[in-house]
Amino acid sequence: MDKRVRVDSLRGIVMRGPGLAATLPFYLDMWGLKLAHQQDGAAWLKGTGPEAFLYGLKDGPVYGIDHIHFNMPDEAAIDALHAQVLREGGTALGEPARFDDWIGGYGFEMLDPDLRRLRFRAGGLRHDEKPEWAMPKKVSHVVLNTPDMEGVQAWYERVLGFRVSDYSADQMVFLRCSSDHHSIALVRAHYPSVNHVAFEVPTLNEFMRAIGRMKQKGHVPSWGPGRHGPGNNPFAYFVSPSGFVIEFTSELQQIDEVTHEAQVWPRDVPEKMDQWMTAGPPTPAQRAVMQGRPDPGFPELVPTRMDREATR
Ligand SMILES: [Fe+2]
């Protein structure tokens with residue numbers, strides 16, 4: 001049995017970009033999220049599940065990710081993960097501590113190899129679940145474009161305990177931290193950027209109704225609906241007002257750690273990519289918007305050698 005400390009689950013993501021906070025009405029009136037918190041011009045949105053927030057909107061100089069938010073079960077697990085990060089040469093941004101934000105709890109932040117900021121938290125604010133028909137319940141997964149797919153995959157496995165669920169040819173790898181088929185997926189690309197963020201609605205019927213809500217408000221999917229091969233999840237992709245790709249999904253495959261074996265899904269068999277044969281392959285415009293805009297991450301947060309020696 002692998003003794004590696006494993007990240008528990010994906011909680012949410014905060015995006016940043018010019019004018020992002022002003023797109024709040026789109027998420028409230030159409031996408032189906034609810035306002036959880038507003039502070040210093042930024043907004044955090046919740047779903048129908050218990051998470052403090054699923055999606056955050058922050059103004060910033062570049063279009064990209066402010067941070068990806070992961071859960072750990074308790075404070076001991078935070079400390080153990082932090083120790084593993086240091087042991088494996090990861091870039092932690094300080095020691096585990098109590099968060100002084102509106103959510104609270106205990107944890108730390110770090111940078112991944114593409115300088116994306118990751119935040120790990122145990123505890124903190126949770127809401128009572130408020131089921132509402134066809135509304136997003138949680139963030140299902142985040143898909144990241146990277147120029148070093150193999151290197152970043154190996155890093156997520158070694159430093160954070162992720163496992164490979166499947167591959168899509170030699171272009172994409174699906175990584176799980178929980179029973180969800182993937183919480184993070186990596187796509188081979190020329191530069192780091194966000195490919196898309198997926199929101200889970202509880203049932204297939206609600207998934208279709210969520211698409212209908214968007215359509216009635218004048219937003220048709222840019223790709224889908226369809227059903228993926230890897231993960232077996234229905235998909236419908238939309239383009240947000242600030243040009244990010246967001247997805248409705250449901251019924252993502254649940255993985256048995258003991259019996260699951262990763263496979264390589266072919267890309268040259270249309271029905272393996274698009275099980276219902278309703279979506280067709282992505283158009284050039286869809287590919288372009290999923291390629292995204294270069295996200296430099298947070299090079300300014302990389303500790304210098306002097307910082308590291310000072311904390312030794
Ligand atoms: Fe997806």
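**Strands 12 and 13.** I began with strand 12 and strand 13 (residues 184-188) of this predicted model, and I found that they run antiparallel and are joined by four bridges. Helices (H or I, at least four residues) and strands (E, at least two) are DSSP runs numbered from the N terminus, and two strands pair if DSSP finds at least two bridges between them. I looked up Leu175 and noted that its bridge partner in strand 13 is Ile184.

For the conventions, I wrote down that residues are numbered from 1 along each chain as its sequence is written, and that side-chain values use heavy atoms, with hydrogens and water left out. Because the model is predicted, local features need pLDDT of at least 70 and side-chain atom pairs count only at pLDDT 80 or more, whereas totals for chains, interfaces and linings use all residues.

I then checked how covered strand 12 (residues 172-176) is, and five of its five residues are buried, where buried means under 20% relative accessible area, exposed over 50% and partly exposed in between, with a 1.4 Å probe and protein chains only. Met172, Phe174 and Arg176 point one way from the strand, while Val173 and Leu175 point the other way; in a regular strand the side chains alternate between the two faces of the sheet. Strand 11 (residues 163-168) pairs with strand 12 in the antiparallel sense over five bridges, and I picked out Tyr167, whose bridge partner in strand 12 is Val173. The hairpin of these two strands has three residues between them, and there Ala169 takes a positive phi near 45°.

**Iron site.** I looked up the protein donors of the iron ion and found His141 (NE2), His196 (NE2) and Glu247 (OE) at 2.1 to 2.2 Å from it; donors are N, O and S atoms within 2.8 Å of the metal (3.2 Å for Na, K and Ca), and water is not among the atoms, so sites may look incomplete. The spacing of the donor residues in sequence is H-x54-H-x50-E. His196 lies in strand 14 (residues 193-200) and Glu247 in strand 17 (residues 245-249), so the pair ties together parts that are 51 residues apart in sequence. Both His196 and Glu247 are buried.

**Cavity and pocket.** On a 1 Å grid over the protein atoms alone, a cavity is a set of points where a 1.4 Å probe fits but cannot get out, and a pocket is an open set with protein on both sides within 12 Å along at least five of seven lines, with lining residues having an atom within 4 Å of a point. I found one cavity of 30 Å³ or more, and the largest cavity has a volume of about 40 Å³, with Tyr63, Val194 and Phe244 among its lining residues. The largest pocket has a volume of about 790 Å³ and is lined by 31 residues, of which Trp223, Arg267, Met273, Pro282 and Arg287 lie nearest its centre. For these volumes, grid points are joined across faces, edges and corners, and the volume is the space filled by probe spheres set on the points.

**Backbone notes.** The peptide bond from Gly224 to Pro225 is cis, with omega near 5°, and Pro225 lies in strand 15. Glu251, in the loop between strand 17 and strand 18, has a positive phi near 50° and is partly exposed, with a relative accessible area of 37%.
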